[in-house]
Amino acid sequence: MFSKTKYILSVLVAMNLIMSGCGIKIGEKAKDTEVSAKVKSSQCLNQSISDFQLFLLGDATDEAVEQSLFCLQNVFVAFKDNIRGQNKDSFTPQEIVNFVEANFFADGTKISPQFLAQVMKFKVVLFGGSEVLIQKQEIDQVASFMARLKPDLIRLNPHMKIIAMQWKIEGDSATSQNNEERFQSAKDEFRHFTLKFLGEFESGGRAYQIDHLIELITETAKFVNSSEKTITTIQKSRVFLKKFKQHLIGGTSSIRGDDWKKLGLTLSEAYFQALRYKYFLDPLHNEQVEEKWSFYRKIALDLSLLVETLLKAKETQSLTNDEIYDLLQPLSEIIPQIEVNLELLKGLGDLKIMLLGKSALGNRGWSHSDFIALDKKIPDLFKNLSIIFKQFDGLSLKNQGLITYPEFTTNETKLLLAIYEVGHLLEGAYDIQSLKSLIKNLALTLLKGNATIPKDLDAIFNVALSGKTLLTGQKSSILTPDNLKVLFNVGIRAYLNYAEYSLFLAQYEMKDVRYSKNLIRLWPKVKDTLLTELKQKYTHFLSTEELTDLVLTLQKEKYLSAKFRESSLTSLFNALWSNILNNPESRIKDQIAQIGFNQITLDQLSKEVFFFLKNQKNISEIFENTDRIEQKDLLAELNLRLGKASDAAEIMGLTQLKQFVNQAVPLTFNDQGFLKILSPDSNFYRYTDLAKSNIALAISRLVIQGYAEDLDRATAFGGLLLPESEFVYAQLKPAAVDFEIIEESNTTFISSRFREANLFLATSNGDSLADLGELHQLILHILSGVERANVVKQKINANCPPLFLAPNQRVLGVGEDCVLNIYQQETDAFLDMPIFLDMRTKFKPDEMKAYYLSLLKAAGHVPNDQQIIYFTDANLFPHVVQYIEMIFATHDLNKDGFLQKNEAMHAFPVFKSLLKQLVASYKQIKEEDLPGVFIYILKFGRPPNPKNLGELLKFVAFIRDKDQKGWDIQSTRVDLGKIFNYIADATKPVVTPAPLVTN
């Protein structure tokens, strides 16, 4: 390889001196004057070349540069006046080669004929003349040329360290204004010099073929021993340069006139952007995001201004996608990563329209006016993008545990402002379908091998279209600028909510106090996200139709496993807006039914969420340092907290929790999620007990507020009447059917639950209302019953062959005997109900099966000829078992397993209303007779047969006996089962079973 000096000689001497014929030593015998001139030239030239080498390294003084150039001028003149070749007025190229090789290449380096031929072609472009001779007058032109350039080279000298890649920047490259100013000064001077230098070519008016330029560069590369790869790359650039000349400069593949300046501008700009990368970008660390984007902005603006300048001079003042594609195709031969297709360019054009608005070419290309508009956008766009990327990096989920809440809040504020600013830069519409096409084409081109198109891309975009309709209120795939602002502002807030959850909540369990505290801090931001959506959407609400469409689309595209029908979703959402999340005063007093999720429903939801979260925080604090607390100690702690609480919502929440805990029968759960009823340690509360209670209280409050028709009852959580509960059922039943909780044919579900709430719970009082406490406990029983039912169902599925199938082959029913056998053997599903399990040892199997069948009938089972039990009934069996156990837990005061007379009288007020219904047909029965009726039914399992006169007389005598003879009872659970059996027969209509469909 050549040394740096040899390289400089090859370029400066071979290209400049050769052209001028300086210092030629010809083959004939030299005269004395010629020798003298040669010696003087050599002495001056050696120093000149040495100084010029320092110039190229940025180490020369201005005086040295001036002297060097002066020397070269004198050498040219001396050579012309004193040296001659075979011809008096000219020199051949080979004479020049001989002289250079003899005087400057002592190592035997040779200049190839091909290199020499290309140098002579270049000489002709600059000075004219012939490709085979150098006239002496051309040497004068060289001297004059150097004299014209000398002031510009001296002006360029202070900047040569930057230009020659020898600059050692001072301080912090990212922040030093002085460094940027020095760099910009160097760029301006280099651009000035380039235009001045190439202006010399322009003034000559001669054409120079791009093919010749490529060959000159190729031969130069060979001369300095460049690698084959470099030479191949130079050759491959031929077509690109021609295309660049054709599409951005104009004309044929020859360079002439002002083509030189356009080419100079391009090369100068490209070189200095490479220098900017080397000096400023490359040294930056990954975390210096904002600093990097500052330089990206400068690069983008400079290149945009360059293209704007080139297009302004172009006849069409535009660059079509076809031209861009034609231009980039050969470039992909050099840089394989730069692979595009016309569809990709069209997609990028769509993004251009979104940013810049209307354009003469639309998405078919870029015009001069597009770049003028882009120039104006780039500073603000890149400034905000730098903030966005920096804040995204700061909010990355990898920073969990490394970022504090104040830091997060600061980053959040900056990011929101930057997104807002970017949104307001957008002027045009954008089609979501274009984005899908862009993704596909990026994966096939620029991201080829680095990105894979999701197989479900079409499904993703179908969901995105549905989501877009929900958020904007407009069904088309077109995103207007206003739509984009909504998506940007709401989307970034939603992301920030998710990031905050991931950074500050996800690492904690719900039991952890920090989880509750941070969730209380997060919720107002979630509310703000929803409020931003409602305010910026032109309708100001999320409609039932829009939400239904989104859910159905998610189902269709297999992102939801549920199988909702459109009608059930409509009913469910309307229930939310009109009732559950409606303001009670608006609903009852003003008779306003909301038509979607709006600010009223958001405020109602937010109030309940805060109520729930404050309760959850207290619960977490109570169990922060303990696993379980005895009932009396828990009551003391709740009283202590009530004494310190000042917030009205917190006081109400603590009061409701206290009411839940302060009852005769504790409702606590085991690890399987089963209620512990009559279990030895049921009076010890754990975190999960109060957490579930908090959920149940929240649901109960929402239902009462949403459906009580009396304003006082609604606002004070007074409870629901049966007709109100039936209306709840009517609205929510379709969704419950879709969830396979109940069957479509079930018409008594809510009346059964209402009866259970009023009869079988620790707080049941038998009145006409299902109050807050009763609903709350009913939900807890349902949660426990569902868990028990799931265990039983698994055993039934594993051991009982299906005897009834729905048309979709879902198992609906199994054999009665098999189910009863499972109940007789099953233990796991009935853990922590020890008395129920002990019954198996105290009663015969036949008695137990009769008992189970009675409870199944209470659950809704209607005996049939096929002896099939439907799963909807079997799933309710554990619930009924729990209710029986709760009756004994509540009313069996001495815990001996029997209900005696005094205990029955204790329970009587609860069952009074039901008794009235059961004996309503007995006209002779008065209200004061009802206690006796209750004892009679407990003793005999049912009222008398109204057609049997003997039974009637005995019945009347029994209930009205003042001495209460025969009222001593020992009612067991089996006896109670008989009563449940009677109640089921008396209150449930006979349903004709569907025909048997077997496997």
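Leaving aside neighbours within four places in sequence, glutamate 885 is in contact (heavy atoms within 4.5 Å) with Ile677, Leu678, Met833, Ile835, Phe836 and Arg973. This is a predicted model, where local features need pLDDT of at least 70, side-chain atom pairs count only at pLDDT 80 or more, and totals for chains, interfaces and linings use all residues. Residues are numbered from 1 along each chain as its sequence is written, and side-chain values use heavy atoms, with hydrogens and water left out.

**Glutamate 885**

Glutamate 885 sits in helix α36 (residues 877–891). Helices are DSSP runs of H or I with at least four residues, numbered from the N terminus. Is glutamate 885 buried or exposed? Glutamate 885 is buried because its relative accessibility is 0%. Buried means under 20% relative accessible area, exposed over 50%, and partly exposed in between, with a 1.4 Å probe and protein chains only. The side chain of glutamate 885 also makes a polar contact with the side chain of arginine 973, at 2.6 Å. A polar contact is a pair of N or O atoms within 3.5 Å; within protein, one must be able to donate a hydrogen and the other to accept it, and residues adjacent in sequence count only if both atoms are side-chain atoms.

**Aromatic pairs**

The whole structure has 50 aromatic pairs. Rings of Phe, Tyr and Trp (its six-membered ring) pair if their centres lie within 6.5 Å; planes under 30 degrees apart are stacked, over 60 edge-to-face, and the rest tilted. Two stacked pairs follow.

| Pair | Centre to centre | Angle between planes |
|---|---|---|
| Phenylalanine 280 and phenylalanine 295 | 5.0 Å | 25 degrees |
| Tyrosine 823 and phenylalanine 877 | 3.8 Å | 5 degrees |

Phenylalanine 280 lies in helix α11 (residues 259–281) and phenylalanine 295 in helix α12 (residues 289–313), 15 residues apart. Phenylalanine 280 is buried at 0%, and phenylalanine 295 is buried at 2%. Tyrosine 823 is in helix α32 (residues 816–825) and phenylalanine 877 in helix α36, so this pair ties together parts 54 residues apart in sequence. Tyrosine 823 is buried at 0%, and so is phenylalanine 877, at 0%. Elsewhere, ring pairs join Phe122, Phe127, Phe145, Phe193, Phe197, Phe201, Tyr208 and Trp260 into a cluster.

Note on methods. Helices (H or I, at least four residues) and strands (E, at least two) are DSSP runs, numbered from the N terminus.
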